Amino acid sequence: MDSRRAFYIGRFQPYHLGHQTVLESIAHEVDEIIIGIGSAQTSHEQDDLFTAGERVLMMTRALEDLGVKHYIIPIEDIQRNSVWVSHIISMTPPFKVVYSNNPLVIRLFEEAGIEVRQSPMYQREQYSGTEIRRRMLAGEGWESLVPSSTVDIIKEIGGLERLKLISGRDSI
Ligand code: ATP
Ligand code: MG
């Protein structure tokens, strides 16, 4: 039965419509999806802005209508790629297939003998965490690239102000 349960991992800094599109298509292929929130321990950094809990909130709200059972599990880094797959397995419900487009993630799971499926990249120039953070910092429009519930959460927690403050220099 766990061959119908899939694993998908990202940092989701922030959760965007590229991720949402991938998850909606995975939902057509499997019965249950385990979503790993990577680098769970990291927040308040320019490239890792949101806490694991804030990212859980973004995904829980955006995936309310996904239509398949899903589990959102924060996973801390262990700084040791050779045992990273075991670390993941120790933290998640059993699964038989992984969906990823990240070369290192693909390689580590394949070396562990676990099937990895790749999905097409969806308008990668704009649906990219790096591009969204760049736009937020530059004061350019980013709201159309994430689900509206994610916009609400980022506003509620003062995400834009956080990014601008932590990207600044020490004041005199
Ligand atoms: P960053 O630029 O911060 O790395 P990201 O957009 O790559 O952000 P991740 O959280 O690193 O987001 O990605 C999680 C997974 O989603 C990875 O497998 C990544 O390849 C995939 N992904 C990200 N953007 C898209 C997209 N536009 N279409 C399809 N898959 C995507
Ligand atoms: Mg990435």
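This is a predicted model: local features need pLDDT of at least 70, side-chain atom pairs count only at pLDDT 80 or more; totals for chains, interfaces and linings use all residues.
Visitor: What makes the peptide bond between Q13 and P14 a cis bond?
Guide: Look at omega. For the bond joining Q13 and P14, omega is about 0 degrees, and the bond is cis.

Visitor: Where is F12, and what is its phi?
Guide: F12 is placed in the loop between β1 and α1. Its phi is near 55 degrees, a positive value in a residue other than glycine.

Visitor: Why is the pair formed by R124 and ligand 1 called a polar contact?
Guide: A polar side-chain atom of R124 is 2.8 Å from a nitrogen atom of ligand 1. A polar contact needs a pair of N or O atoms within 3.5 Å, so this pair counts.

Visitor: How do you know that T130 and N101 make such contacts with ligand 1?
Guide: For T130, a polar side-chain atom lies 2.4 Å from an oxygen atom of ligand 1. For N101, a polar backbone atom is 3.1 Å from an oxygen atom of the ligand. Both values are within 3.5 Å, so both pairs count.

Visitor: How much of ligand 1 does the protein bury?
Guide: Ligand 1 exposes 600 Å² when taken alone, and the protein buries 90% of that.

Visitor: Which elements give two or more residues to the shell around ligand 1?
Guide: They are β1 (5–10), α1 (17–27) and α5 (129–138). The ligand is surrounded by 21 residues, and the closest are Y8, Y122, R124, G129 and T130. By class, the shell has 8 nonpolar, 10 polar and 3 charged residues.

Visitor: Why is ligand 1 said to sit in the largest pocket?
Guide: To sit there, a molecule needs more than half of its atoms within 2 Å of the pocket's grid points. Ligand 1 sits in the largest pocket, so it passes that test.

Visitor: What lines the largest pocket, and how much space lies in it?
Guide: The space is about 910 Å³. There are 37 lining residues, and I9, G10, R11, N102 and V105 are the closest to the centre. The elements giving two or more residues to the lining are β1, α1, α4 (103–111) and α5. The lining divides into 15 nonpolar, 16 polar and 6 charged residues.

Note on methods: Residues are numbered from 1 along each chain as its sequence is written. Chains are lettered from A and ligands numbered from 1 in the order in which they are written. Side-chain values use heavy atoms; hydrogens and water are left out. A residue is near a molecule or strand if one of its heavy atoms lies within 4 Å of it. A polar contact is a pair of N or O atoms within 3.5 Å; within protein, one must be able to donate a hydrogen and the other to accept it, and residues adjacent in sequence count only if both atoms are side-chain atoms. Accessible areas come from the Shrake-Rupley method with a 1.4 Å probe; for residues, only the protein chains shown count as cover. On a 1 Å grid over the protein atoms alone, a cavity is a set of points where a 1.4 Å probe fits but cannot get out, and a pocket is an open set with protein on both sides within 12 Å along at least five of seven lines; lining residues have an atom within 4 Å of a point. Helices (H or I, at least four residues) and strands (E, at least two) are DSSP runs, numbered from the N terminus. Ala, Val, Leu, Ile, Met, Phe, Trp, Tyr, Cys and Pro count as nonpolar, Asp, Glu, Lys and Arg as charged, and the others, Gly among them, as polar. Grid points are joined across faces, edges and corners, and a volume is the space filled by probe spheres set on the points.
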